Amino acid sequence: KGKETDFLSAKPFKSIPGPRGYPLLGNIEYLSLQPGRENTPFTILPQLYGPIVRLQILHQKMVIVSGADQIEQVFRSDGNMPIRVLTIEENAKWIHKKNNLPDTLVLAHKEEWKRLRTAMSKQVIPRRLSHYIPSQCSIADEFCDHMTAIQKEGSGQVDDVYQYLLKWSLKALSKVVFNENIDVFSGKNSQANNFLETAMGYVTALFAIAQAFPFYRLIPTKPYK
């Protein structure tokens with residue numbers, strides 16, 4: 001009942017702060033949403049409008065949540081079976097189904113999300129995760145040492161930290177999932193390099209498909225391939 005009251009008293013989408021858009025086109029100037037870069041709406045708009053920002057591109061409506069407290073509130077409001085209906089996830093689910101690929105935890109929602117999340121619950125309880133703290137600290141130290149070395153070799157700063165954060169996340173995750181200490185920072189491990197390139201190619205292609213007209217459902221466009 002309390003949730004129903006909150007829903008009835010909720011403010012409309014238009015009341016959220018955000019940039020004015022064009023009729024029908026919306027905020028078309030923000031069409032190129034490349035993840036992880038400094039010049040995206042996800043980093044620029046919160047600086048102008050605050051931690052909760054409204055954005056609409058063509059028919060796609062978005063709410064950008066950037067404040068730590070607001071992000072926590074969003075996740076705690078998900079409930080036992082979160083609902084995700086973003087265009088990028090719906091398109092990814094269509095592509096997976098078209099190619100007979102299973103859903104992943106990131107793309108799933110409702111009953112499918114709960115089934116997949118329950119299957120891995122035993123692996124991520126605090127008692128088990130604490131076992132990985134020493135190795136994760138070591139990986140974090142290695143990442144910091146790598147950043148320091150780049151600073152000393154160059155102009156004193158790291159121009160694009162995003163690519164190195166991807167390497168750190170791959171190394172940290174691989175230690176938990178595969179119990180493998182993958183060499184990602186030297187650039188000499190071809191398997192790690194290929195994995196990173198493939199993973200980021202997948203994410204970039206999904207963003208491209210989410211913004212484009214669904215021609216990929218008729219012909220195999222470049223992002224679809």
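Let's start with helix α2, which spans residues 41-49 and whose buried residues are Pro 41, Leu 45 and Pro 46. Buried here means under 20% relative accessible area, while exposed means over 50% and partly exposed lies in between (1.4 Å probe, protein chains only). Helices (H or I, at least four residues) and strands (E, at least two) are DSSP runs, numbered from the N terminus. As a general point, an α-helix has 3.6 residues a turn, so residues three or four places apart point the same way.

What do the buried residues of α2 pack against? Their partners are β1 (52-57) and β2 (60-65), where contact means heavy atoms within 4.5 Å. After α2 comes Gly 50, with a positive phi near 105 degrees.

A word on the model itself: it is predicted, so local features need pLDDT of at least 70 and side-chain atom pairs count only at pLDDT 80 or more, whereas totals for chains, interfaces and linings use all residues. Residues are numbered from 1 along each chain as its sequence is written, and side-chain values use heavy atoms, with hydrogens and water left out.

Now to the largest nonpolar core, which has nine residues: Phe 143, Met 147, Ile 150, Tyr 164, Leu 170, Val 184, Phe 185, Ala 192 and Leu 196. Such a core is a set of buried Ala, Val, Leu, Ile, Met, Phe, Trp, Tyr and Cys residues joined through side-chain atoms within 4.5 Å. Two or more of its residues come from each of α7 (133-153), α8 (161-177) and α9 (190-211), and α7 gives the most, with three. A second, separate core has seven residues, including Leu 45, Leu 55, Ile 57 and Ile 64.

Back in helix α8 you will find Ser 174. Is Ser 174 buried or exposed? Ser 174 is buried, because its relative accessible area is 2%. Leaving aside neighbours within four places in sequence, Ser 174 is in contact with Asn 179, Glu 180 and Ile 182.

Finally, how many disulfides does the structure hold? There are zero, a disulfide being a pair of cysteine sulfur atoms within 2.5 Å. The sulfur of Cys 137 is 11 Å from its closest cysteine sulfur, in Cys 144, and therefore too far for a bond. Cys 137 is partly exposed at 43% relative accessibility, and Cys 144 is partly exposed at 44%.
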